[in-house]
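Welcome! Here is a short briefing to read alongside the sequence and the 3D view.

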Amino acid sequence: MNILILSAGTRNKIIQYFKDTLSDRGRVVAADMQNIAPAIYEADKYYIVPRITEPGYMDLVLDICRREKINAVLSLIDPELSLLAANRNRFDESGITVIGSSYDLCEMALDKMQMFHWLSEHGYNCAKSYDDKEVFYKDLDNNKISFPVFVKPVRGSASVAINKVEDKETLELLWSHSEGLMIQEYLRGQEIGADVYIDMISHEVVSIFTKRKLLMRAGETDKAVSFKDEKLFSLIESFVTDCGWSGQIDIDIFDIDGEYYISEVNPRFGGGYPHAYECGCNHMKLIENNVNGIANNKNTGAYEEGICMMKYSEIMIKEYSE
Ligand SMILES: Nc1ncnc2c1ncn2[C@@H]1O[C@H](COP(=O)(O)OP(=O)(O)O)[C@@H](O)[C@H]1O
Ligand SMILES: [Mg+2]
(Lines give C-alpha, C1' and ligand atoms only; values in the text may rest on other atoms or scores of the structure.)
(Ligands and ions follow the chains in the order given, each with its own letter.)
Protein backbone atom coordinates (compact mmCIF):
# COMPACT_ATOMS: atom_id res chain seq x y z
CA MET A 1 0.00 0.00 0.00
CA ASN A 2 1.30 3.45 -0.92
CA ILE A 3 -0.04 6.33 1.17
CA LEU A 4 -0.14 10.09 0.61
CA ILE A 5 -0.12 12.27 3.72
CA LEU A 6 -1.35 15.80 3.09
CA SER A 7 -0.48 18.89 5.14
CA ALA A 8 2.22 16.90 6.94
CA GLY A 9 3.56 20.01 8.72
CA THR A 10 5.49 19.10 11.85
CA ARG A 11 3.88 15.68 12.31
CA ASN A 12 7.14 13.79 11.75
CA LYS A 13 6.11 10.89 13.98
CA ILE A 14 3.05 10.12 11.85
CA ILE A 15 5.23 9.78 8.75
CA GLN A 16 7.80 7.67 10.63
CA TYR A 17 5.10 5.35 11.99
CA PHE A 18 3.68 4.76 8.51
CA LYS A 19 7.19 4.09 7.17
CA ASP A 20 7.96 1.64 9.98
CA THR A 21 4.62 -0.11 9.59
CA LEU A 22 4.63 -0.39 5.80
CA SER A 23 8.31 -1.34 5.78
CA ASP A 24 9.06 -2.64 2.26
CA ARG A 25 5.37 -3.23 1.47
CA GLY A 26 4.67 0.35 0.49
CA ARG A 27 5.85 3.91 0.14
CA VAL A 28 4.98 7.01 2.11
CA VAL A 29 4.57 10.22 0.13
CA ALA A 30 4.05 13.51 1.97
CA ALA A 31 2.90 16.94 0.87
CA ASP A 32 2.84 20.40 2.36
CA MET A 33 2.56 23.96 1.07
CA GLN A 34 5.90 24.84 2.64
CA ASN A 35 9.36 23.41 2.16
CA ILE A 36 10.04 24.21 5.83
CA ALA A 37 7.53 21.60 7.02
CA PRO A 38 9.97 19.10 8.61
CA ALA A 39 7.67 16.07 8.34
CA ILE A 40 7.88 15.94 4.54
CA TYR A 41 11.59 15.05 4.77
CA GLU A 42 10.77 11.85 6.67
CA ALA A 43 8.80 10.51 3.70
CA ASP A 44 10.07 8.41 0.77
CA LYS A 45 9.11 11.30 -1.48
CA TYR A 46 7.57 14.72 -0.97
CA TYR A 47 5.69 17.36 -2.93
CA ILE A 48 5.33 21.07 -2.27
CA VAL A 49 1.74 21.94 -3.14
CA PRO A 50 -0.35 25.15 -3.21
CA ARG A 51 -2.53 26.23 -0.28
CA ILE A 52 -5.61 23.95 0.05
CA THR A 53 -7.92 26.87 -0.87
CA GLU A 54 -6.23 27.43 -4.27
CA PRO A 55 -8.40 26.49 -7.26
CA GLY A 56 -7.23 23.21 -8.77
CA TYR A 57 -5.64 22.01 -5.53
CA MET A 58 -7.56 18.71 -5.57
CA ASP A 59 -6.68 18.09 -9.24
CA LEU A 60 -3.06 18.39 -8.25
CA VAL A 61 -3.49 15.98 -5.35
CA LEU A 62 -5.17 13.48 -7.69
CA ASP A 63 -2.28 13.90 -10.16
CA ILE A 64 0.22 13.10 -7.41
CA CYS A 65 -1.86 10.05 -6.46
CA ARG A 66 -1.80 8.71 -10.02
CA ARG A 67 1.88 9.44 -10.53
CA GLU A 68 2.90 7.80 -7.25
CA LYS A 69 0.39 4.90 -7.49
CA ILE A 70 -1.19 5.98 -4.21
CA ASN A 71 -3.77 3.64 -2.62
CA ALA A 72 -4.83 5.78 0.34
CA VAL A 73 -4.78 9.45 1.26
CA LEU A 74 -5.27 11.36 4.50
CA SER A 75 -4.79 14.86 5.83
CA LEU A 76 -3.47 16.04 9.17
CA ILE A 77 -5.29 19.40 9.30
CA ASP A 78 -8.98 20.06 9.98
CA PRO A 79 -10.03 22.29 7.07
CA GLU A 80 -8.68 19.77 4.55
CA LEU A 81 -10.76 16.90 5.95
CA SER A 82 -14.02 18.28 4.53
CA LEU A 83 -12.31 19.02 1.23
CA LEU A 84 -11.11 15.42 0.90
CA ALA A 85 -14.52 14.07 1.94
CA ALA A 86 -16.26 16.30 -0.61
CA ASN A 87 -14.03 14.84 -3.32
CA ARG A 88 -14.26 11.23 -2.15
CA ASN A 89 -15.97 10.10 -5.40
CA ARG A 90 -13.08 11.32 -7.51
CA PHE A 91 -10.65 9.32 -5.38
CA ASP A 92 -12.93 6.27 -5.44
CA GLU A 93 -12.96 6.37 -9.24
CA SER A 94 -9.20 6.00 -9.20
CA GLY A 95 -9.32 3.26 -6.57
CA ILE A 96 -7.91 5.49 -3.84
CA THR A 97 -9.25 5.28 -0.28
CA VAL A 98 -9.83 8.56 1.54
CA ILE A 99 -9.14 7.83 5.22
CA GLY A 100 -11.70 9.87 7.10
CA SER A 101 -15.30 10.51 7.97
CA SER A 102 -18.16 11.78 5.79
CA TYR A 103 -18.34 15.38 4.62
CA ASP A 104 -21.20 16.22 7.01
CA LEU A 105 -19.35 14.81 10.01
CA CYS A 106 -16.12 16.64 9.08
CA GLU A 107 -18.16 19.85 8.91
CA MET A 108 -19.84 19.09 12.24
CA ALA A 109 -16.45 18.55 13.86
CA LEU A 110 -15.42 22.04 12.72
CA ASP A 111 -18.49 23.67 14.24
CA LYS A 112 -18.70 23.40 18.04
CA MET A 113 -22.35 24.58 18.10
CA GLN A 114 -23.40 21.90 15.61
CA MET A 115 -21.54 19.32 17.71
CA PHE A 116 -23.30 20.57 20.84
CA HIS A 117 -26.73 20.28 19.21
CA TRP A 118 -26.00 16.73 18.03
CA LEU A 119 -24.71 15.64 21.45
CA SER A 120 -27.57 17.13 23.45
CA GLU A 121 -30.24 15.87 21.04
CA HIS A 122 -28.80 12.35 21.29
CA GLY A 123 -28.63 12.37 25.08
CA TYR A 124 -24.86 12.61 25.59
CA ASN A 125 -23.42 14.64 28.49
CA CYS A 126 -21.82 17.79 27.11
CA ALA A 127 -21.24 21.42 28.07
CA LYS A 128 -24.33 23.60 27.64
CA SER A 129 -23.51 25.96 24.75
CA TYR A 130 -24.85 29.23 23.35
CA ASP A 131 -24.08 31.25 20.26
CA ASP A 132 -26.79 33.77 21.18
CA LYS A 133 -25.72 35.99 24.08
CA GLU A 134 -29.32 36.97 24.92
CA VAL A 135 -30.38 33.34 25.30
CA PHE A 136 -27.41 32.87 27.63
CA TYR A 137 -28.47 35.91 29.72
CA LYS A 138 -31.99 34.52 29.98
CA ASP A 139 -30.62 31.19 31.28
CA LEU A 140 -28.34 33.14 33.62
CA ASP A 141 -31.37 34.97 35.09
CA ASN A 142 -33.18 31.64 35.48
CA ASN A 143 -30.17 30.07 37.22
CA LYS A 144 -29.79 27.48 34.48
CA ILE A 145 -26.14 28.48 34.12
CA SER A 146 -23.70 30.59 36.12
CA PHE A 147 -20.29 32.24 35.83
CA PRO A 148 -17.53 31.32 35.18
CA VAL A 149 -18.19 30.29 31.59
CA PHE A 150 -15.90 29.33 28.75
CA VAL A 151 -15.87 31.61 25.70
CA LYS A 152 -14.31 30.41 22.45
CA PRO A 153 -14.74 30.65 18.68
CA VAL A 154 -17.48 28.35 17.28
CA ARG A 155 -15.05 27.29 14.53
CA GLY A 156 -11.83 27.56 16.54
CA SER A 157 -8.87 25.22 16.72
CA ALA A 158 -5.56 24.80 18.55
CA SER A 159 -6.98 26.60 21.61
CA VAL A 160 -6.78 29.97 19.85
CA ALA A 161 -8.86 32.77 21.50
CA ILE A 162 -10.19 30.64 24.35
CA ASN A 163 -11.17 32.45 27.58
CA LYS A 164 -12.47 31.60 31.01
CA VAL A 165 -14.91 34.43 31.72
CA GLU A 166 -15.99 35.44 35.22
CA ASP A 167 -18.45 38.29 34.57
CA LYS A 168 -20.80 40.07 32.16
CA GLU A 169 -18.43 42.99 31.55
CA THR A 170 -15.69 40.69 30.22
CA LEU A 171 -18.19 38.74 28.16
CA GLU A 172 -19.51 41.97 26.59
CA LEU A 173 -15.98 43.12 25.86
CA LEU A 174 -15.02 39.87 24.13
CA TRP A 175 -18.32 39.78 22.23
CA SER A 176 -17.86 43.33 20.92
CA HIS A 177 -14.33 42.60 19.69
CA SER A 178 -14.84 39.38 17.74
CA GLU A 179 -17.34 37.56 15.59
CA GLY A 180 -18.39 33.93 15.78
CA LEU A 181 -17.94 33.35 19.51
CA MET A 182 -19.83 30.91 21.69
CA ILE A 183 -20.41 30.63 25.42
CA GLN A 184 -20.05 27.28 27.08
CA GLU A 185 -20.73 25.94 30.54
CA TYR A 186 -17.36 25.77 32.33
CA LEU A 187 -16.31 22.15 32.72
CA ARG A 188 -14.33 21.51 35.88
CA GLY A 189 -12.75 18.12 35.68
CA GLN A 190 -10.04 15.84 34.39
CA GLU A 191 -9.40 16.22 30.65
CA ILE A 192 -9.12 12.98 28.70
CA GLY A 193 -8.05 12.23 25.16
CA ALA A 194 -9.18 9.19 23.17
CA ASP A 195 -7.51 7.93 20.00
CA VAL A 196 -10.04 5.73 18.26
CA TYR A 197 -10.01 3.65 15.08
CA ILE A 198 -13.31 2.76 13.43
CA ASP A 199 -12.84 -0.02 10.92
CA MET A 200 -13.65 1.25 7.43
CA ILE A 201 -14.94 -2.20 6.37
CA SER A 202 -16.85 -3.55 9.39
CA HIS A 203 -17.70 -0.05 10.73
CA GLU A 204 -16.91 -1.40 14.20
CA VAL A 205 -14.79 0.42 16.78
CA VAL A 206 -11.69 -1.78 16.75
CA SER A 207 -9.17 0.21 18.79
CA ILE A 208 -9.48 2.68 21.66
CA PHE A 209 -6.61 4.28 23.56
CA THR A 210 -7.45 6.68 26.40
CA LYS A 211 -5.19 8.94 28.39
CA ARG A 212 -5.55 11.48 31.17
CA LYS A 213 -4.03 14.78 30.13
CA LEU A 214 -1.49 15.97 32.67
CA LEU A 215 -0.44 19.13 30.84
CA MET A 216 -1.67 20.99 27.77
CA ARG A 217 0.51 23.41 25.83
CA ALA A 218 -0.49 25.49 22.78
CA GLY A 219 -3.68 23.45 22.33
CA GLU A 220 -1.87 20.13 22.35
CA THR A 221 -1.43 17.44 24.96
CA ASP A 222 2.10 17.83 26.25
CA LYS A 223 2.13 15.18 28.99
CA ALA A 224 -0.39 12.42 29.53
CA VAL A 225 -0.82 9.05 31.20
CA SER A 226 -2.66 6.04 29.78
CA PHE A 227 -5.61 4.53 31.66
CA LYS A 228 -8.59 2.26 30.97
CA ASP A 229 -12.20 2.35 32.07
CA GLU A 230 -14.83 0.03 30.63
CA LYS A 231 -17.54 2.63 31.24
CA LEU A 232 -15.63 5.13 29.11
CA PHE A 233 -14.98 2.53 26.38
CA SER A 234 -18.73 1.75 26.15
CA LEU A 235 -19.56 5.45 25.97
CA ILE A 236 -17.02 5.95 23.17
CA GLU A 237 -18.34 2.93 21.29
CA SER A 238 -21.96 4.05 21.41
CA PHE A 239 -21.11 7.66 20.59
CA VAL A 240 -18.93 6.72 17.64
CA THR A 241 -21.46 4.23 16.28
CA ASP A 242 -24.47 6.55 16.76
CA CYS A 243 -22.68 9.38 15.06
CA GLY A 244 -21.07 7.30 12.28
CA TRP A 245 -17.42 8.32 12.43
CA SER A 246 -15.01 6.38 10.25
CA GLY A 247 -11.28 5.65 10.26
CA GLN A 248 -9.03 7.54 12.66
CA ILE A 249 -10.52 10.04 15.13
CA ASP A 250 -9.46 11.83 18.28
CA ILE A 251 -12.02 12.72 20.98
CA ASP A 252 -11.72 15.25 23.82
CA ILE A 253 -13.61 14.18 26.95
CA PHE A 254 -13.95 15.58 30.48
CA ASP A 255 -14.35 13.39 33.57
CA ILE A 256 -16.47 15.36 36.03
CA ASP A 257 -16.91 13.45 39.29
CA GLY A 258 -17.07 10.13 37.45
CA GLU A 259 -19.40 11.32 34.67
CA TYR A 260 -17.95 11.61 31.18
CA TYR A 261 -18.70 14.68 29.05
CA ILE A 262 -17.88 14.67 25.34
CA SER A 263 -16.23 17.92 24.33
CA GLU A 264 -15.09 17.65 20.73
CA VAL A 265 -13.92 15.39 17.93
CA ASN A 266 -11.07 15.78 15.46
CA PRO A 267 -11.65 13.23 12.68
CA ARG A 268 -7.91 12.68 12.04
CA PHE A 269 -4.70 11.70 13.84
CA GLY A 270 -4.57 14.04 16.85
CA GLY A 271 -1.40 15.65 18.13
CA GLY A 272 -1.30 13.16 21.01
CA TYR A 273 -1.55 10.01 18.85
CA PRO A 274 2.16 9.10 19.30
CA HIS A 275 1.29 8.13 22.89
CA ALA A 276 -1.14 5.49 21.60
CA TYR A 277 1.28 4.14 18.99
CA GLU A 278 4.17 3.88 21.44
CA CYS A 279 1.89 1.94 23.79
CA GLY A 280 1.14 -0.59 21.04
CA CYS A 281 -1.99 0.82 19.38
CA ASN A 282 -0.70 0.75 15.81
CA HIS A 283 -3.50 2.34 13.80
CA MET A 284 -1.25 2.57 10.72
CA LYS A 285 -1.46 -1.22 10.52
CA LEU A 286 -5.26 -1.07 10.85
CA ILE A 287 -5.33 1.39 7.93
CA GLU A 288 -3.05 -0.86 5.85
CA ASN A 289 -5.35 -3.83 6.47
CA ASN A 290 -8.47 -1.87 5.53
CA VAL A 291 -6.92 -0.52 2.34
CA ASN A 292 -5.95 -4.11 1.43
CA GLY A 293 -9.59 -5.15 1.90
CA ILE A 294 -9.05 -6.82 5.28
CA ALA A 295 -11.41 -5.98 8.18
CA ASN A 296 -9.68 -5.65 11.56
CA ASN A 297 -10.71 -7.61 14.64
CA LYS A 298 -11.93 -5.67 17.63
CA ASN A 299 -9.02 -5.10 20.00
CA THR A 300 -9.97 -2.17 22.23
CA GLY A 301 -7.81 -1.35 25.23
CA ALA A 302 -4.80 -3.31 23.96
CA TYR A 303 -2.22 -1.36 25.96
CA GLU A 304 -0.80 -0.94 29.45
CA GLU A 305 -2.18 1.55 31.95
CA GLY A 306 0.05 4.05 33.73
CA ILE A 307 2.35 4.73 30.77
CA CYS A 308 3.33 8.38 30.63
CA MET A 309 4.06 10.37 27.48
CA MET A 310 6.24 13.48 27.70
CA LYS A 311 6.75 15.57 24.58
CA TYR A 312 10.01 17.40 23.89
CA SER A 313 11.35 19.45 20.99
CA GLU A 314 13.43 18.09 18.12
CA ILE A 315 15.12 19.95 15.28
CA MET A 316 15.86 19.20 11.63
CA ILE A 317 18.66 20.77 9.60
CA LYS A 318 18.33 21.33 5.84
CA GLU A 319 19.76 23.53 3.16
CA TYR A 320 17.34 26.43 2.71
CA SER A 321 15.74 27.39 -0.59
CA GLU A 322 13.25 30.23 -1.19
N1 LIG B 1 -16.36 24.24 28.39
C2 LIG B 1 -15.10 24.18 28.77
N3 LIG B 1 -14.77 24.21 30.08
C4 LIG B 1 -13.48 24.17 30.49
N5 LIG B 1 -12.44 24.10 29.65
C6 LIG B 1 -12.69 24.08 28.32
C7 LIG B 1 -14.02 24.12 27.83
N8 LIG B 1 -13.97 24.09 26.48
C9 LIG B 1 -12.67 24.04 26.16
N10 LIG B 1 -11.89 24.02 27.25
C11 LIG B 1 -10.40 23.99 27.26
O12 LIG B 1 -9.92 24.64 26.10
C13 LIG B 1 -9.23 23.72 25.25
C14 LIG B 1 -9.55 24.00 23.78
O15 LIG B 1 -10.93 23.92 23.56
P16 LIG B 1 -11.57 22.96 22.47
O17 LIG B 1 -13.05 23.08 22.60
O18 LIG B 1 -10.99 21.61 22.58
O19 LIG B 1 -11.17 23.67 21.11
P20 LIG B 1 -9.97 23.50 20.07
O21 LIG B 1 -9.13 22.33 20.52
O22 LIG B 1 -10.66 23.24 18.77
O23 LIG B 1 -9.27 24.82 20.10
C24 LIG B 1 -9.67 22.34 25.72
O25 LIG B 1 -8.68 21.37 25.45
C26 LIG B 1 -9.87 22.58 27.20
O27 LIG B 1 -8.62 22.58 27.88
MG1 LIG C 1 -9.67 20.42 21.43
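The points below go from the overall fold to one residue.

This is a predicted model, in which local features need pLDDT of at least 70, side-chain atom pairs count only at pLDDT 80 or more, and totals for chains, interfaces and linings use all residues. Residues are numbered from 1 along each chain as its sequence is written, and side-chain values use heavy atoms, with hydrogens and water left out.

**Overall shape**
- The protein has 11 helices and 15 strands (DSSP runs: H or I of at least four residues for helices, E of at least two for strands).
- Its radius of gyration, taken over C-alpha atoms, is 20 Å, which agrees with the value near 20 Å for a compact globule of 322 residues (the rule being 2.2 Å times the number of residues to the power 0.38).
- The C-alpha trace spans about 65 × 45 × 40 Å along its principal axes.

**Inside and charge**
- Of the 322 residues, 52% are buried (under 20% relative accessible area, with a 1.4 Å probe and protein chains only).
- The protein carries 34 positive and 51 negative side chains, where Lys and Arg count as positive, Asp and Glu as negative, and His and the chain ends are not counted.

**A look at Thr-170**
- You can find Thr-170 in helix α8, which covers residues 168-177.
- Thr-170 counts as partly exposed because its relative accessibility is 32%, between the 20% and 50% limits.
- Lys-213 is 43 residues from Thr-170 in sequence, and their C-alpha atoms are 28 Å apart in space.

Key:
Chains are lettered from A and ligands numbered from 1 in the order in which they are written. The place of a charge is taken as NZ of Lys, CZ of Arg, CG of Asp or CD of Glu.
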